[in-house]
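Subject: A structure for you to look at

Hi,

Here is the structure I promised to pass on to you. Please open it next to this email and follow along as you read.

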Amino acid sequence: MTSNSSSAPSATSATVSTSTRRTVRPPTLRTRSLQDPASRSAFTRLVRMAITVDGQGPFNDQALLDAESGARRLDFIVELQESPSAAEHLVGAAILGTDELELVIDPEWRGSGYGRAAVAELIADASPGLKAWSHGDHPAARALASRFGFTPIRTLLQLRMPLAGSPNSAPVFDSFRPGTDDVEWVALNARIFASHPEQGSITVDDLHRRRAEPWFQNDDFLIARDEEGRMVGYNWLKIEGDLGEIYVIGVEAPGRGLGKSLMLAGLERMRARGCSTAALFVEADNEPAVHLYRSLGFSDHTIDVQYQLGA
């Protein structure tokens, strides 16, 4: 729960504010749509401000896609004005789903009580089990979690490594074929991540929304096939500027070296695209995967913690 957050009731901010402001009047929540240009502009500014201060985004990709489509509710946290005709003052935003909340407070207004007031209202009718992420495991998020009865249940590591040198030879894999591979990939992904609460539930529509993102390229989505042409693994890359992310990687039969081959191919693809740094997220308790990534040169960058209400 960070007033910048990852995947849980992100309740507080990514950093502890030194602001001396105090809330004189409680904030109000206004439901907004990203289809409205003015709301989108205000939301984009808020997210960019948080990224500038925190070094990472306050919302995960699925939350943003769901807010875009209307699958989750987007609430603006607005400072009440004395005059009813005065313009709204946006101090934060929350994305709320059936069992997940993410929230961010404008860095300028952190430490003023808006996070506490907003979380109190947002969880007023929530059932135990509501989840929230703290991106960066920030002290303010931990304080909010404790205040409202959230307990840490998952730890997600973000690892990074420098990509020095020119591209080298690496295993060659097919590229994803939109419209042809969609259904097969979703089925494979569901099998590989059957026990994963977010990744394993991705649908064809979710895939299509990700394919519509400006960063998506077919050749950055590496597909491994067996002798019969059946899809058995993949390494999906998300490349933005000089940062390349292993967006998601999976193999149907681990322990045979395919995962490492896909990793090496993905890293070489990033080098070829001009990336200087590679990043990935991995569950802290996934010891085989963590061991593989560290053996390739990845090291700790940030830690995200997921909280659960009443756990």
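How many helices and strands does the secondary structure of the chain come to? The chain has 8 helices and 12 strands, where helices (H or I, at least four residues) and strands (E, at least two) are DSSP runs, numbered from the N terminus.

Before we go on, a word on where this comes from. This is a predicted model, in which local features need pLDDT of at least 70 and side-chain atom pairs count only at pLDDT 80 or more, while totals for chains, interfaces and linings use all residues. Residues are numbered from 1 along each chain as its sequence is written, and side-chain values use heavy atoms, with hydrogens and water left out.

**The sheet**

Strands of a sheet pair through backbone hydrogen bonds, either parallel or antiparallel. Here, 8 strands form an open sheet with mixed pairing, in the order 5-12-6-11-10-9-8-7; two strands pair if DSSP finds at least two bridges between them. Strand 5 (131-135) and strand 7 (174-175) are at the edges with a single partner strand each, so one side of each has no neighbour in the sheet. Strand 6 and strand 11 run antiparallel and are joined by 7 bridges. Leucine 156, for example, has glutamate 283 in strand 11 as its bridge partner.

**Arginine 154**

Strand 6 is also the place of arginine 154. This arginine is buried, with a relative accessible area of 13% (buried means under 20% relative accessible area, exposed over 50%, partly exposed in between, with a 1.4 Å probe and protein chains only). Which side chains make polar contacts with the side chain of arginine 154? One is that of glutamate 198, at 3.0 Å, and another is that of glutamate 283, at 2.3 Å. A polar contact is a pair of N or O atoms within 3.5 Å; within protein, one must be able to donate a hydrogen and the other to accept it, and residues adjacent in sequence count only if both atoms are side-chain atoms.

**The cores**

The largest nonpolar core has 27 residues, and Met263, Met270, Leu280, Val282, Tyr293 and Phe298 touch the most other members. Such a core is a set of buried Ala, Val, Leu, Ile, Met, Phe, Trp, Tyr and Cys residues joined through side-chain atoms within 4.5 Å. Among the elements that give two or more residues to this core are strand 6 (150-162), strand 11 (277-283) and helix 7 (258-272). Helix 7 gives the most, with 5 residues. Apart from this core lies another, of 22 residues, including Leu96, Phe150, Tyr307 and Leu309.

**Helix 4 and the glycine after it**

The buried residues of helix 4 are Ala140, Ala141, Leu144, Ala145 and Phe148. They lie on the same side of helix 4, because they cover an arc of only 135° around the axis, the arc being that of the directions from the helix axis to the C-beta atoms. On the face turned away from the buried side, helix 4 carries the exposed residues Ser146 and Arg147.

Glycine 149 follows helix 4 and has a positive phi, near 85°. It sits in the loop between helix 4 (139-148) and strand 6. Leaving aside neighbours within four places in sequence, glycine 149 is in contact (heavy atoms within 4.5 Å) with Gln308, Leu309 and Gly310. Glycine 149 and glycine 310 are 161 residues apart in sequence, but 5.8 Å apart in space, C-alpha to C-alpha.

Enjoy exploring!
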